[in-house]
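Please keep the sequence and the 3D view at hand while reading.

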Amino acid sequence: MLALTELGQRLRQERESKGLSLEDLQKLTKIQKRYLLGIEEGNYEVMPGKFYVRAFIKQYCEAIGLDIDAIFEEYKSDIPSTQTEDMPQQLSRVRSRKEIPQHTKGVTKAYDYLPTVLVVAGVVVVGIIIWVIAQNIVSDKNKEQANQEAPNSEVQQSNTQEETNETTAKNDNSKSEDEQSAADKKEQEKEKAEKEKAAKEKAEKEKAEKEKKDSGKQEYKEVQKTGRSATYALSGTDAFNLEVTSTQADTWLDVKNGKGNAFFSSILKKGETKEFDLTKETEARVNIGYSPGVELKINGKAVDLPFDSSKQVRQVVTIQHQPAEAQ
């Protein structure tokens, strides 16, 4: 086991303070876990090259919210520098064509291949003659057959025209019926979509009115704080709708009820919002791995995080729901 460098210790401490495992960091940076572990242990030999060492350290810092320039300046003795490597010149092992008397060699080869060329040319000429004769024979037979079938062609053409007209009429009728069916189907789909839209708008309106009504009575009070955890009591409302938004960076988010059943346990991307309907729950536990820039809303009303995110990066908030009907 390699001894951690000062840079490696600093990066590992920052990662763990944000509640991120190496697997979480691998998802955020797309860097293989063994390279991330190599950075923390100062084992740069596992990297593909010095350039990748600096690039991977930069991505590591970005993922956990550290100032890249400050880190590179403070720990420049731990970070290898890159140098331009000269590529070796490749020497040709092929002899120059000037060393070989090309004119003499070409004339000799031409004489060697001359008999073969003449034989091939003769075969090609004979083949062409046979093909022309065969084409003439086939042409004569086709003309004779056409003269024999000519009297019947007019009758067949007339019958074919009548069949074509009948087919066209049937196709027109079928097309008209299909168009009418398609129009009816489109109209039905339109009516269905309008009904669904009206029902959705009505449900959203009722929900908004209920939340507005409840928000006037809603109370959100601190019960206790300890370490990085805090407990709050939500009362005066039957609704319990939680919104979590991350505005600055990706963060680990874990939302569970009082029984430990998880509603969400994954990375919350920067700019992403997750909504949870916890109305039927009496308790919810929200674990935030990287709290800077994270916003909480309960029933559409913003609530503050329990701790200053610059001092306490990881925060755990437990919300105890006391429905108004139960009070």
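The structure is a predicted model.

## Helix packing

| Helix pair | Axis separation | Angle |
|---|---|---|
| α1 and α4 | within 10 Å | roughly 30 degrees |
| α2 and α3 | within 9 Å | roughly 110 degrees |
| α1 and α3 | 6 Å | about 120 degrees |

Helix α1 spans residues 6–17, and helix α4 spans residues 50–64. Their axes cross at roughly 30 degrees, and the two helices are therefore roughly parallel to each other. The crossing of α1 past α4 is left-handed. On the α1 side the contact consists of Leu 7, Leu 11, Arg 12, Glu 14 and Arg 15, while α4 contributes Ile 57, Tyr 60, Cys 61 and Ile 64. Sorted by class, this contact of α1 with α4 holds six nonpolar and three charged residues, with no polar ones.

Helix α2 covers residues 22–29, and helix α3 covers residues 33–41. The axes of α2 and α3 cross at roughly 110 degrees, which makes α2 roughly perpendicular to α3. This crossing is right-handed. From α2, the residues in contact are Leu 22, Glu 23, Leu 25, Gln 26 and Thr 29; from α3, they are Lys 33, Leu 36, Leu 37 and Glu 40. The contact of α2 with α3 comprises four nonpolar, two polar and three charged residues.

Helix α1 also packs against α3, at an angle of about 120 degrees and with the axes 6 Å apart. The two are therefore oblique to each other. Here Gly 8, Gln 9, Leu 11, Arg 12 and Arg 15 of α1 meet Leu 37, Ile 39 and Glu 40 of α3. By class, the contact of α1 with α3 has three nonpolar, two polar and three charged residues.

How many cavities of 30 Å³ or more does a search of the whole structure find? The search finds one. The largest cavity holds about 40 Å³ of space. Its lining is formed by Lys 18, Leu 20, Ala 63, Ile 64, Asp 250, Thr 251 and Tyr 290. Four of the lining residues are nonpolar, one is polar and two are charged.

Conventions
Residues numbered from 1 in each chain as written. Predicted model: local features only at pLDDT ≥ 70, side-chain atom pairs only at ≥ 80, totals over all residues. Heavy atoms only, no water. 1 Å grid on protein atoms, 1.4 Å probe; cavity = no way out; pocket = protein on both sides within 12 Å on 5 of 7 lines; lining within 4 Å. Points joined across faces, edges and corners; volume = space filled by probe spheres on them. Nonpolar A, V, L, I, M, F, W, Y, C, P; charged D, E, K, R; others polar. Axes fitted to C-alpha atoms, helices over the stretch in contact; angles between N-to-C directions. Helix = DSSP H or I, 4+ residues; strand = E, 2+ residues; numbered from the N terminus. Parallel < 35°, antiparallel > 145°, perpendicular 65-115°, else oblique. Left-handed = near helix turned anticlockwise from the far one by under 90°. Contact = heavy atoms within 4.5 Å.
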